[in-house]
Amino acid sequence: MGLYRRKGSRFWWMSYTADKERSFVSTKTSSKEIAKKILRKREGEIALGLFSVGLPGERMTFAELCDEFLASHSPTVSINSQRNHRLFVKNLRGYFGDRRLTEIRRPMIEEYRNLRRRQPSQRNPKTTVKGATVNREIQCLHCMFQFAITRKYITESPAAGVKHFNERRERPVKRMLTVEEEQWILEAAPPHLRVAIILLVQTGGRTYSEGLSLRWEQVDLENLVIHLGGDVKTEDSEQPVPLTRLACEVLQEWRKGQTRQSPFVFPSPYNLDKPIGTVKTAWKATLRRAGVSYFPIYNLRHVFCTRLSWVAPDAVVQHAMRHSSPETKRFYQLGLAHQVREHLERVNQKTYQERDALQNRDSDSRPEQVQQIEVCN
């Protein structure tokens with residue numbers, strides 16, 4: 001600790017060590033006597049533990065947090081989450097840039113949210129960025145601030161409590177797939193998509209991470225099971241996926257018909273060492289040829305959950321869907337209105353039995369009403 005003069009400054013500067021960190025601070029005075037008093041006061045505060053240098057977030061920029069987050073936290077999550085982190089951080093870094101962590105406030109994040117929502121989409125410049133995409137970026141931002149809190153860079157997350165957009169307004173209406181529609185789609189689908197549709201309907205797997213990226217080494221046709229393992233969404237997703245005999249037979253025929261060897265069940269037509277990238281175009285064309293209104297291919301997972309819930313208890317459905325909570329089922333189960341209607345009809349049959357059901361008319365019959373009118377006359 002001590003006082004010293006700095007070249008080009010008319011003030012006295014003091015140096016001291018607190019929390020194992022060396023600091024050099026101006027006393028804001030040109031009087032050496034006053035500077036000594038300020039230094040003695042700071043020494044007393046440090047000795048009594050009443051002084052701290054300040055949060056590292058006062059010196060750390062958001063860009064530095066981005067680099068540390070991608071290097072330390074992202075490797076602990078799945079490959080898909082790592083890819084999403086890189087995309088989200090790129091947009092967030094472009095807006096918050098070199099701002100100090102302590103300078104970022106909730107109104108600034110809300111301004112980013114609204115600005116991002118108005119930006120044109122990269123895939124379709126005629127439309128704006130979806131609210132769901134913005135919500136994922138805000139969630140990633142909150143995760144980054146929680147990471148900073150854990151490392152004691154800041155004390156609270158400015159992204160906490162930031163309201164998200166309502167995603168349900170943008171999502172297509174979920175609909176149940178009838179057996180006839182399923183047959184029409186299979187007849188109109190190209191071979192690789194036909195096999196993928198059957199596999200997704202019979203297993204309830206996620207479209208790309210558990211379906212189209214599947215490897216043959218993960219498929220056990222003898223024991224009728226698929227071992228996903230590796231890079232899956234959650235720990236519960238690592239559970240073996242049972243194969244129905246229908247799905248097993250389709251996969252066996254599909255394997256026999258492949259002329260070129262590939263480790264993937266659905267290899268890319270351009271590179272056998274990679275899985276097929278996307279089926280969005282083929283899926284839309286298939287629905288158009290089948291005369292079925294568009295719905296995302298991921299909804300086949302909803303169809304699987306709904307059909308299984310007709311005959312199996314919740315515990316079996318949860319295990320088949322590989323959910324960590326039975327409450328998740330209600331987001332996937334479709335056609336509940338039809339089931340409620342059937343149960344209400346059973347209620348009516350049990351309640352009224354041989355009696356006439358309630359009708360929208362007066363309790364007195366028409367002849368009795370006429371007779372009462374004649375008597376009154």
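# A guided look at a predicted protein model

The secondary structure of this protein comes to 15 helices and 6 strands. Here, helices (H or I, at least four residues) and strands (E, at least two) are DSSP runs, numbered from the N terminus. The model is a predicted one, in which local features need pLDDT of at least 70, side-chain atom pairs count only at pLDDT 80 or more, and totals for chains, interfaces and linings use all residues. Residues are numbered from 1 along each chain as its sequence is written, and side-chain values use heavy atoms, with hydrogens and water left out.

## The whole protein

Of the 377 residues in the protein, 36% are buried. Buried means under 20% relative accessible area, exposed means over 50%, and partly exposed is in between (1.4 Å probe, protein chains only). The protein exposes about 24,300 Å², and carbon and sulfur atoms supply 51% of that area. Such areas come from the Shrake-Rupley method with a 1.4 Å probe; for residues, only the protein chains shown count as cover.

Contacts tell us how the chain folds back on itself. A contact means heavy atoms within 4.5 Å. Among contacts between residues at least 6 apart in sequence, 58% join residues at least 24 apart.

## Two helices side by side

Two packed helices are described by the angle between their axes and the distance between the axes.

Which residues make the contact? On the α2 side they are Phe62, Ala63, Cys66, Asp67, Phe69 and Leu70, and on the α3 side His85, Arg86, Val89, Leu92, Arg93 and Phe96. Sorted by class, the contact of α2 with α3 has 8 nonpolar, 1 polar and 3 charged residues. In this sorting, Ala, Val, Leu, Ile, Met, Phe, Trp, Tyr, Cys and Pro count as nonpolar, Asp, Glu, Lys and Arg as charged, and the others, Gly among them, as polar.

A disulfide is a covalent bond between the sulfur atoms of two cysteines. In this model, a disulfide is counted when a pair of cysteine sulfur atoms lies within 2.5 Å, and the count comes to 0 disulfides.

## Residues in loops and helices

Lys152 lies in the loop between α5 (131-150) and α6 (179-188), and its phi is near 60°, a positive value in a residue other than glycine. Leu224, in the loop between β4 (219-220) and β5 (225-226), has a phi near 55°, again positive in a residue other than glycine.

Here is how some residues score on relative accessible area.

| Residue | Relative accessible area | Class |
|---|---|---|
| Lys152 | 62% | exposed |
| Leu224 | 22% | partly exposed |
| Gln139 | 39% | partly exposed |
| Gln258 | 16% | buried |
| Ala188 | 15% | buried |
| Ser157 | 11% | buried |

Gln258 sits in the loop between α9 (245-257) and α10 (280-290). Leaving aside neighbours within four places in sequence, Gln258 is in contact with Trp216, Phe264, Val265 and Pro267.

Ser157 is found in the loop between α5 and α6. Not counting residues up to four places away in sequence, Ser157 touches His142, Phe145, Gln146 and Ile149. Ser157 and Leu101 are 56 residues apart in sequence and 9.8 Å apart in space, C-alpha to C-alpha.

Ala188 belongs to helix α6. What does Ala188 touch, leaving aside neighbours within four places in sequence? The contacts are with Thr286, Arg289 and Ala290. The C-alpha atoms of Ala188 and Ala285 are separated by 8.7 Å, although these residues are 97 apart along the chain.

Gln139 lies in helix α5. Its C-alpha atom is 9.6 Å from that of Phe88, which is 51 residues away along the chain.
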